[in-house]
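Dear colleague,

I am handing over the structure we spoke about, and I would be grateful if you could look through it with the notes below at hand.

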Amino acid sequence: MATLAAETVHLKTRDFDPRPDRTEYLASPLKRRTEGRSHYLIQFDGAVRPEIFSQLRDRGITVTGYLPQSTLMIAAPDDFSLDGLHVVWVSRLEHRDKISPLVSSIAGSLHAYIVEFHSDVDMNEARALVREHSLRLIENRNLAPHHLLVAGALGDLSRLASWDEVAYIFPASPELVSHTPVRACSGAIVQETAVAQNAGSAYSWPVTGSSGLVLGYVFSQVTEKLPAAAVKSEILRALNQWSGAANVQFVSGTDARALRTINILFARGAHGDLFPFDGPGGVLAHTFYPAPPNPEPIAGDMHLDDDERWQIGADTDLYTVALHEAGHALGLVHTDNPNDVMYPYYRFGKHLSSGDIAIVQSLYGASATTSSPSTPPPSLPLVLTMQTPPSTTTAASVPFSGTVSGGAGPVQITWQLTSGASGKAAGSPSWTATVPLVLGTNVITITAIDSAGHTASQMASVVRQQPPAPAPAPPPTPAPSPNPPPSNPAPSNPPPPASPKDTTPPSLVITYPAASVIATAASTITFQGMAIDNVGVTSVSWSNSTGTAGAATGTVTWTASIPLSSGTNTIVFRAFDAAGNFTWRSVTVVQQ
Ligand code: ZN
Ligand code: CA
Ligand code: ZN
């Protein structure tokens with residue numbers, strides 16, 4: 001047995017410092033559905049050597065993911081042996097390492113989560129496991145192969161995480177919940193596997209001096225579905241997003257096999273690596289993580305599936321995919337924050353978030369003109385606290401405050417809304433930020449990042465309501481003409497008495513279309529949205545200023561097809577709970 005000191009493994013939940021004790025994991029109890037087989041973490045006494053994958057296979061062991069530093073996640077039979085493989089320690093993911101810090105700090109938000117199962121788990125078993133925990137499965141055909149979308153209480157989610165089959169649980173994006181088409185990334189490739197969602201810190205190309213990172217790029221094969229010049233300019237636009245944010249330069253090269261060079265390759269099916277493309281749909285692209293842990297010359301290479309319908313500014317949008325994949329080429333891993341470009345589902349048409357920028361700056365420094373400070377000394381874990389904000393308000397902005405401690409070097413604290421707005425918090429160790437709110441549900445993420453790239457986040461949701469109207473009769477009726485009676489219970493109907501009385505109205509979000517003023521030539525328009533309530537939404541209804549009204553299909557996630565008249569249509573949506581509380585949103589549609 002090796003006696004070398006283990007290296008710290010950076011998980012999203014904590015820095016994991018296992019003792020070099022290969023039997024430590026036996027002390028923890030195991031809940032599993034598959035007898036005779038379970039999941040472990042194993043760390044090697046140096047870089048993961050390429051031959052290790054076949055050596056593990058020969059012993060009946062499946063690799064399910066990679067974690068910095070030099071650690072593999074594996075599925076192994078109970079009587080497995082690692083003798084002679086230079087393994088420093090063996091352990092398991094603990095229950096606390098499977099729940100994203102963003103999940104545990106969500107206050108009254110969507111309550112929808114992605115449960116990631118280890119890649120060898122039978123997804124029928126995974127579904128059965130979710131149902132046994134009183135969690136609701138939300139079907140979505142856009143999910144990655146080992147993801148399930150679930151809604152339910154944190155307690156049930158936490159019990160689910162104690163099963164060996166579960167790898168990680170993190171917040172679902174509003175797009176997934178509302179069935180807005182999205183596509184998953186299969187993750188940054190390390191040799192024969194991909195970086196696990198549990199991975200907490202990015203890994204940078206080794207950089208010396210203050211000149212930052214210089215990476216070459218070569219277009220060795222571009223798709224013929226678009227003009228070659230347009231393909232190159234869209235991919236360069238994506239690379240330039242990153243070089244504009246951090247001390248990184250991309251330089252046009254001539255040799256695709258040169259060191260520190262991104263070989264950009266469009267290919268179909270099998271194309272010379274271990275990850276053949278899968279035809280239209282499914283995997284769009286994959287990118288190899290930096291060297292080490294990948295060997296040169298493949299480190300940093302970006303491959304795109306030429307069976308996809310590549311487009312510019314529409315699905316499948318080349319810039320969107322290249323922006324995310326370039327993050328992997330720079331060493332970034334998937335984040336848990338649905339606002340980030342590095343969230344595992346591509347963020348169509350989005351630019352880098354404050355979180356993405358903070359991470360890439362932590363790796364390479366802020367810009368080419370400022371040299372990065374010398375390496376900071378080791379430090380305590382980064383901890384971010386936040387005072388719980390009011391869950392509802394009529395104010396146009398809400399003050400947030402809290403403290404930050406630990407971390408390496410200067411810590412930057414930023415806030416971000418799902419609407420895209422973002423800003424910086426002031427002060428350290430006590431910080432404050434004034435966050436502007438839009439009407440309806442605001443999901444706010446506060447992120448602290450230190451100079452070593454460790455992050456800590458807190459999330460909250462605040463519903464901003466319309467101030468009470470001076471007129472005695474809410475809801476507002478934008479229709480100048482008499483409305484037909486609404487097909488749903490009006491707020492004037494006295495609700496059945498409840499004890500204690502529920503006075504919290506539902507939150508109501510229109511997720512699609514995203515604009516509040518829409519011009520169209522169509523005769524009907526379909527809206528999608530979400531309505532979330534502390535007790536339960538009973539109905540979502542709509543009325544159009546042209547005199548029509550109806551009920552939406554669904555509640556938590558709803559859709560409504562609304563007939564339009566020529567000219568201006570002011571459409572009001574209302575979500576009701578059982579106590580008669582309601583929230584409304586309005587949208588103007590101009591039919592031309
Ligand atoms: Zn990815
Ligand atoms: Ca594909
Ligand atoms: Zn490939």
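What follows is a description of the metal sites, taken one by one.

Please keep in mind that this is a predicted model, in which local features need pLDDT of at least 70 and side-chain atom pairs count only at pLDDT 80 or more, while totals for chains, interfaces and linings use all residues. Residues are numbered from 1 along each chain as its sequence is written, chains are lettered from A and ligands numbered from 1 in the order in which they are written, and side-chain values use heavy atoms, with hydrogens and water left out.

Cys185, in the loop between α5 (174-177) and β11 (189-190), and His324, in helix α7 (residues 318-329), are 139 residues apart, and the pair links distant parts of the chain; helices (H or I, at least four residues) and strands (E, at least two) are DSSP runs, numbered from the N terminus. Both Cys185 and His324 are buried, meaning under 20% relative accessible area, with exposed being over 50% and partly exposed in between (1.4 Å probe, protein chains only).

The zinc ion (ligand 3) is coordinated at 1.9 to 2.0 Å by His271 (NE2), Asp273 (OD), His286 (NE2) and His303 (ND1), and with angles of 98 to 118° among the four donor atoms this site is tetrahedral. His286 lies in strand β16 (residues 285-287) and His303 in strand β17 (residues 302-305), so that the pair ties together parts 17 residues apart in sequence. His286 is buried, with a relative accessible area of 3%, and His303 is buried at 4%.

The calcium ion (ligand 2) is coordinated by Asp278 (OD), Gly279 (O), Gly281 (O), Val283 (O), Asp305 (OD) and Glu308 (OE), at 2.3 to 2.4 Å. The six donor atoms give angles of 81 to 180°, and the site is octahedral (opposite donors over 155 degrees apart and all others between 65 and 115).

Notes
Donors = N, O, S within 2.8 Å, 3.2 Å for Na, K, Ca; no water. Tetrahedral: all angles 85-135°; square planar, octahedral: opposite > 155°, others 65-115°.
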